[in-house]
2 protein chains.
Amino acid sequence: MLRPLLPRCGALKPLSSQSSRLLWRGARWYSLKPEASTATLRDIDPTKLTITKTTKPGPLLKKEDLVFGKTFTDHMVSIEWDQTHGWHDPRIVPYQNLSLDPASCVLHYAFECFEGMKAYKDKQGRIRLFRPDKNMARLNKSAARIALPTFTDRNLIDILAEFARLEARFIPDARGYSLYLRPTMIGTQKTLGVSKPGSALLYVIASPVGPYYPTGFRAVSLEATDYAVRAWPGGVGDKKLGANYAPCVVPAVEAMSRGFQQNLWLFGPEQYVTEVGTMNFFVALRDRETGQRELVTAPLDGTILEGVTRDSVLALARERLVPQGWRVSERKYTMAELDEAAREGRLLEAFGSGTAAIVSPVRAISWRGKLINCGLKENEESGEVATKMKDWIEARQYGDEEHEWSYLC
Amino acid sequence: MLRPLLPRCGALKPLSSQSSRLLWRGARWYSLKPEASTATLRDIDPTKLTITKTTKPGPLLKKEDLVFGKTFTDHMVSIEWDQTHGWHDPRIVPYQNLSLDPASCVLHYAFECFEGMKAYKDKQGRIRLFRPDKNMARLNKSAARIALPTFTDRNLIDILAEFARLEARFIPDARGYSLYLRPTMIGTQKTLGVSKPGSALLYVIASPVGPYYPTGFRAVSLEATDYAVRAWPGGVGDKKLGANYAPCVVPAVEAMSRGFQQNLWLFGPEQYVTEVGTMNFFVALRDRETGQRELVTAPLDGTILEGVTRDSVLALARERLVPQGWRVSERKYTMAELDEAAREGRLLEAFGSGTAAIVSPVRAISWRGKLINCGLKENEESGEVATKMKDWIEARQYGDEEHEWSYLC
């Protein structure tokens, strides 16, 4: 009866005059569910996967020449969705341009979300993913938040595994190398109304990448950003949406223009520390009273991306640092707290965490005109926790340590 | 010496070890400007415009069948940009799909911004734009905020005028009809690093549209959203970025599932009223003490889109309502204030404002379990101010009233 269409941009669409009056009288509350039927739509079906191999396999770069996200493998995964049928049969096809109507909603309203994950080659030459269930769960959460379709996690993992095996030749046989996988979902509806997309495309491209620190850690310095805010409670900063990324670039460029490598995001008048650039952020502190060491990161309060590496760092810290007397805290902490700890010699180290670098040690933070030393000595490029975490996580990524986090393709 | 490149996603890029140490010692502050050279790049040059006409002109729909943003004209404007040369020669070409690398940054990080504006046909058959300078200024502000290139406003207006003249046959000769123009800028860099795009595309498509209320106003009812926040101080909610739109859909769908036509955005524990759906929002109140009438909208504090229609409503209200004793206020106001005014019979009317509908009268707002009557009688579909504003603005859009807001193409 009532069409659950969304109004076009810059306008409000009235219901029928009658229902409008019913509403106004408060006589009746409709409870239309606009997607009551989507449960019957087709899920992603990995058994229907078809593979069309390229007739022009690309050359392999020398592994020293690999640059993150610059060159891609021969193929891509492509799975279309529409609101009538659900997910179409998944395909692996030669890497190719997308042909998009200029009215496509991904180009106007940022109907787009993505994941970053890696495929590793173990000592036996087998391909492994790292905690792909985490990425799939997050991709579904991101998609749902912007009215894009969802799917059963496991079904896409099967396809990713097949894809990673197919592209295995692009992964150099050397420690630190991997194949970065970029699952991406975009809305493809080609009308300008701001509404739930009636069609979408899920695709996956892959870029071979080298170790982030080929010659060992290199600590960076940060500028705390006090004029721009990345995320807000009730916003979408905890989802991996394209919408969260473009606005990050200018503050980063600003920080670089003053000689820093990245910006540190703060929140609120309390100047809570939240994230660094596009990474989660950790600090190690020593308690003033008890001397206990504490590994701290901001809590998942809706303003923090639910990083897979963040979660891995926390899990390993609870498993291996807590028995050594550490406390592990997901709690709010402020720049003033860091400043005070640094002045008292209790700020032991700080690092970002993310898929590309695993951990990225931080030397100093510029805040309110002063430079806060994060605890590294002049000749140190990484603290104890960051160094250990990189080793511990890599051991599971490359399968040196058999663990449920590692998924054998 | 130092490369002002941004780090890849999920990682921090160190400077050279030396500069890093310099920073850490606080001995020297760099002030690299990453774009010192862009001032010498080429601007958009309307004198270089080339037009390639379609060989297959499309049919004209019956004007009653036009749907906003669903069908498009025969051509599109296309202007490429790269960081070496600046803006390439502008082109008008047949409407066509874009061929985009799947790694294009617009698809991953929402490097995209747009404008919504209309071309009108006046009684003499001449084509007119409405306040295009406002749209161009806003597009440049939006682009700069996400590190996309900017241009001289007037140069794109010249091209838009040429484009609108070329597509004039799509504008029906009837009041209320117009050609919706959608200038869109996207980042086209095809690498996955989160950084300032090295290439971009500005394009303009056009969709013929009919009057929003072909049979007269139809008031809508809203649900105040208390679980999601559209924008926040220090964020990008005042820019017309794609990033601000996809996250709006789920709250709107939720409101519709309960029988409302759109959601009303609030901010903060005070429940300040900010916007409605994708429109600005106005209320008319009567002062309890003095009886003076007041037209109120939220101030441009960084959380409100700088609507061209909003600005036009304010200007006309100052010009024509203030002499009649009205007060016109850009100030914060809360749901509690509206609720109280409604209970006391002092909430005279409420309406959204935007390019598509000009004004969209609101009958009621659902808030905290009650339905607030916005002042319309049962048999009324619009209040006095909304009705007048639509007439006043249309008179300038269609050139009935000669005014500097109307730009003759």
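**Figure 1. Strand E2 of chain A and its neighbours.** E2(A) pairs with strand E4 (residues 91-94) of chain A in the antiparallel sense, over four bridges; two strands count as paired if DSSP finds at least two bridges between them. Helices (H or I, at least four residues) and strands (E, at least two) are DSSP runs, numbered from the N terminus. The model shown is predicted: local features need pLDDT of at least 70, side-chain atom pairs count only at pLDDT 80 or more, and totals for chains, interfaces and linings use all residues. Residues are numbered from 1 along each chain as its sequence is written, chains are lettered from A and ligands numbered from 1 in the order in which they are written, and side-chain values use heavy atoms, with hydrogens and water left out. Seven of the eight residues of E2(A) (residues 75-82) are buried, where buried means under 20% relative accessible area, exposed over 50%, and partly exposed in between (1.4 Å probe, protein chains only).

**Figure 2. The hairpin of E2(A) and E3(A).** Three residues lie between E2(A) and E3(A) in this hairpin. The two strands are antiparallel and joined by two bridges, with E3 of chain A covering residues 86-87. Gly86(A) of E3(A) stands opposite Asp82(A).

**Figure 3. Domains 2 and 3 of chain A.** The domain assignment divides chain A into domain 1 (2-32), domain 2 (39-209) and domain 3 (220-408); such bounds come from an automatic or database domain assignment. Taken over C-alpha atoms, the centres of domain 2 and domain 3 of chain A are 28 Å apart. Contact between these two domains involves 34 residues of domain 2 and 27 residues of domain 3, with contact meaning heavy atoms within 4.5 Å.

Figure 4. Because four of its five residues are buried, strand E15 (residues 293-297) of chain B is largely enclosed by the rest of the structure. Strand E14 (residues 279-286) of chain B runs antiparallel to E15(B), joined to it by five bridges, and Arg286(B) has Arg293(B) in E15(B) as its bridge partner. These two strands form a hairpin with six residues between them, and Gly291(B) in the turn has a positive phi of about 80 degrees. Strand E16 (residues 327-330) of chain B pairs with E15(B) in the parallel sense over four bridges; there the bridge partner of Glu294(B) is Arg327(B).

**Figure 5. Two loop residues of chain B with positive phi.** Arg131(B), a residue other than glycine, has a positive phi near 50 degrees. Arg131(B) sits in the loop between strand E8 (127-130) and helix H3 (132-145) of chain B, and its relative accessibility is 8%, so it counts as buried. Gln271(B), also other than glycine, has a positive phi near 60 degrees. The loop holding Gln271(B) lies between strand E12 (262-267) and strand E13 (272-276) of chain B; Gln271(B) counts as buried because its relative accessibility is 12%.

**Figure 6. The largest cavity.** The volume of the largest cavity is about 280 Å³. Of the 24 residues that line the largest cavity, the closest to its centre are Val236(A), Asn244(A), Trp232(B), Val236(B) and Asn244(B). A cavity is a set of points, on a 1 Å grid over the protein atoms alone, where a 1.4 Å probe fits but cannot get out, and lining residues have an atom within 4 Å of a point.

Note on methods
1 Å grid on protein atoms, 1.4 Å probe; cavity = no way out; pocket = protein on both sides within 12 Å on 5 of 7 lines; lining within 4 Å. Points joined across faces, edges and corners; volume = space filled by probe spheres on them.
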